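Dear colleague,

I am passing on the structure below, together with notes on what was found in it. Please read the notes with the coordinates open beside them.

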Amino acid sequence: MQVRSLVLAAVLASASVCAPACAAGVHAGALDIENPWARATVPGQANGAGYLEVDNTGSTPDRLLSVHSDAAQKVEMHAMTMENGTAQMREVDGGMEVPAGGKVTFAPGGYHLMFVKLKAPFAAGASVPVVLTFQKAGDVKVMMPVRPLGDMGHSADMGHSGHGGMNMPGMQ
C-alpha cells in the first residue's frame, strides 16, 4: 500500500510540473489558443513554421499584434496564397484581427507563423516557447509541441492548394 501511495504521489507531482507546458490550449481573457504546434526542421534550415487556432469567445474583437520566441531571431505572421500556380508567402502587416465570436486559424496552406533565422533546428518531440501579444488580452505564453516534418496537422486536406476555404480576416 505504501508503494502505491509513493507512485501516485510521483505521478501527480510530474503532472503538475508538466501541466503548464504540456497543456493542449491556453485561455487568456476571452481568447482560447488551441492546437499549437510547430513543424520539425532539418539541420541548417533557416526558417520554421508554427500553427495554432485563436478562438474569441467574447463580444468584442481582439488583435494579435506580434509573436516572439527565443527559438528564432524573429517571428512573423504570414499568409500563403496561390498566384499563377505558385505559392506566395507574405507577411501580414498590422497584425491579425480575431473577430468577436470568431476564430483565426494558422494552418498549413494558409496563415502561419514564420520563425525567421532559427537558433537551432526544431526537433520532433521537443517544444517551442512562444509569446503571443494581443491588443486586449496582452502577452500570452504558449508552448508549441514539434511534430515530424511531413505532418500537416488537423488540416491535411488543405495541402498547398490555396486556403482550403479558410476565413482570412485582418489581411491587409
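By class, the residues that line the largest pocket divide into nine nonpolar, eight polar and one charged, where Ala, Val, Leu, Ile, Met, Phe, Trp, Tyr, Cys and Pro count as nonpolar, Asp, Glu, Lys and Arg as charged, and the others, Gly among them, as polar. The volume of this largest pocket is about 240 Å³, a volume being the space filled by probe spheres set on grid points that are joined across faces, edges and corners. Of its 18 lining residues, Arg39, Ala49, Tyr51, Met89 and His112 are the closest to the centre. A pocket here is an open set of points on a 1 Å grid over the protein atoms alone, where a 1.4 Å probe fits and protein lies on both sides within 12 Å along at least five of seven lines, and lining residues have an atom within 4 Å of a point. Strand 3 and strand 9 (112-118) are the elements that give two or more residues to the lining of the largest pocket, and strand 3 supplies the largest share, three residues; strands are DSSP runs (E, at least two residues), numbered from the N terminus.

Before going further, please keep in mind that this is a predicted model, in which local features need pLDDT of at least 70 and side-chain atom pairs count only at pLDDT 80 or more, while totals for chains, interfaces and linings use all residues. Residues are numbered from 1 along each chain as its sequence is written, and side-chain values use heavy atoms, with hydrogens and water left out.

Turning to the rings, the structure holds three aromatic pairs, a pair being rings of Phe, Tyr or Trp (its six-membered ring) with centres within 6.5 Å, called stacked if the planes are under 30 degrees apart, edge-to-face if over 60 and tilted otherwise. One of them joins Trp37 and Tyr51, which are tilted at 40° between the planes and lie 4.6 Å centre to centre. Because Trp37 belongs to strand 2 (residues 31-39) and Tyr51 to strand 3 (residues 48-56), the pair ties together parts that are 14 residues apart in sequence. Both Trp37 and Tyr51 are buried, where buried means under 20% relative accessible area, exposed over 50% and partly exposed in between (1.4 Å probe, protein chains only). Phe115 and Phe122 form another pair, with ring centres 5.2 Å apart and planes at 80°, so that the pair is edge-to-face. Phe115 is buried at 0% relative accessibility, and Phe122 is buried at 4%.

There are four salt bridges in the structure, each defined by a side-chain nitrogen of Lys or Arg within 4 Å of a carboxyl oxygen of Asp or Glu. Among them, Glu53 and Lys103 have their closest N and O atoms 3.3 Å apart; since Glu53 lies in strand 3 and Lys103 in strand 8 (residues 103-106), this pair ties together parts that are 50 residues apart in sequence. Glu53 is buried at 16%, whereas Lys103 is partly exposed at 36%. In the salt bridge of Glu83 with Arg90, the N to O distance is 2.6 Å.

Strand 5 (residues 72-83) and strand 6 (residues 86-91) pair in the antiparallel sense over six bridges, pairing being assigned if DSSP finds at least two bridges.

Best regards

Terms used
Helices (H or I, at least four residues) and strands (E, at least two) are DSSP runs, numbered from the N terminus.
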